[in-house]
Amino acid sequence: MLTVNEYFEGKVKSIALNNEDGKQTVGVMAIGDYVFGTSTKELMKVVSGELKIKMPNDTDYKSYVAGEQFEVESGIKFSVKVEKESAYVCYYE
């Protein structure tokens, strides 16, 4: 079954699915600054555009463009800067 999620007044939208490969979301982010919290470990792949990510212990943002991926540990909050509309796929552990 598909679940539609909307965050930050509709600026971030995703569709979640849970199948034999596990839980995944496919989403889009409008231009803006966001803070996300995690409850499980995640692997995020940028499909289109660019996401600038700052993990809790980092002092600077790191840029990820289409085709690149990054891991997010469980139980943290991380910051995302989006300077052009972007798309991603997220895999949950």
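Is Ser86 buried or exposed? In this predicted model, where local features need pLDDT of at least 70, side-chain atom pairs count only at pLDDT 80 or more, and totals for chains, interfaces and linings use all residues, Ser86 is buried, with a relative accessible area of 4%. Residues are numbered from 1 along each chain as its sequence is written, and side-chain values use heavy atoms, with hydrogens and water left out. Buried means under 20% relative accessible area, exposed means over 50%, and partly exposed lies in between (1.4 Å probe, protein chains only).

**Around Ser86**

Ser86 belongs to strand E10, strands (E, at least two residues) and helices (H or I, at least four) being DSSP runs numbered from the N terminus. Its side chain reaches the backbone oxygen of Lys84 at 2.7 Å. Once neighbours within four places in sequence are set aside, Ser86 is in contact with Gly27, Val28, Met29, Ser48, Gly49, Glu50 and Leu51, where contact means heavy atoms within 4.5 Å.

**Salt bridges**

Side chains of opposite charge can pair when their charged atoms come close. With a salt bridge taken as a side-chain nitrogen of Lys or Arg within 4 Å of a carboxyl oxygen of Asp or Glu, the count comes to four, including those in the table.

| Salt bridge | N to O distance |
|---|---|
| Lys13 and Glu6 | 3.9 Å |
| Lys81 and Asp33 | 3.9 Å |
| Lys52 and Glu83 | 3.0 Å |

The bridge between Lys81 and Asp33 links distant parts of the chain, with Lys81 in strand E9 (residues 77-82) and Asp33 in strand E4 (residues 32-37), 48 residues apart. Lys81 is partly exposed at 26% relative accessible area, whereas Asp33 is exposed at 57%. Lys52 and Glu83, which also meet in a salt bridge, lie 31 residues apart, Lys52 in strand E6 (residues 50-54) and Glu83 in the loop between E9 and strand E10 (86-92).

**Aromatic rings**

The structure holds five aromatic pairs, rings of Phe, Tyr and Trp (its six-membered ring) being paired if their centres lie within 6.5 Å, with planes under 30 degrees apart counted as stacked, over 60 as edge-to-face and the rest as tilted. Phe8 and Phe36 form an edge-to-face pair, 5.4 Å centre to centre with 80° between the planes. Phe8 is partly exposed at 35% relative accessible area, while Phe36 is buried at 17%. The rings of Tyr34 and Phe36 have centres 6.2 Å apart and planes at 45°, so this pair is tilted. Ring pairs link Phe8, Tyr34, Phe36 and Phe78 into a cluster.

Note on methods:
Polar contact = N/O pair within 3.5 Å; in protein donor to acceptor, adjacent residues only side chain to side chain.
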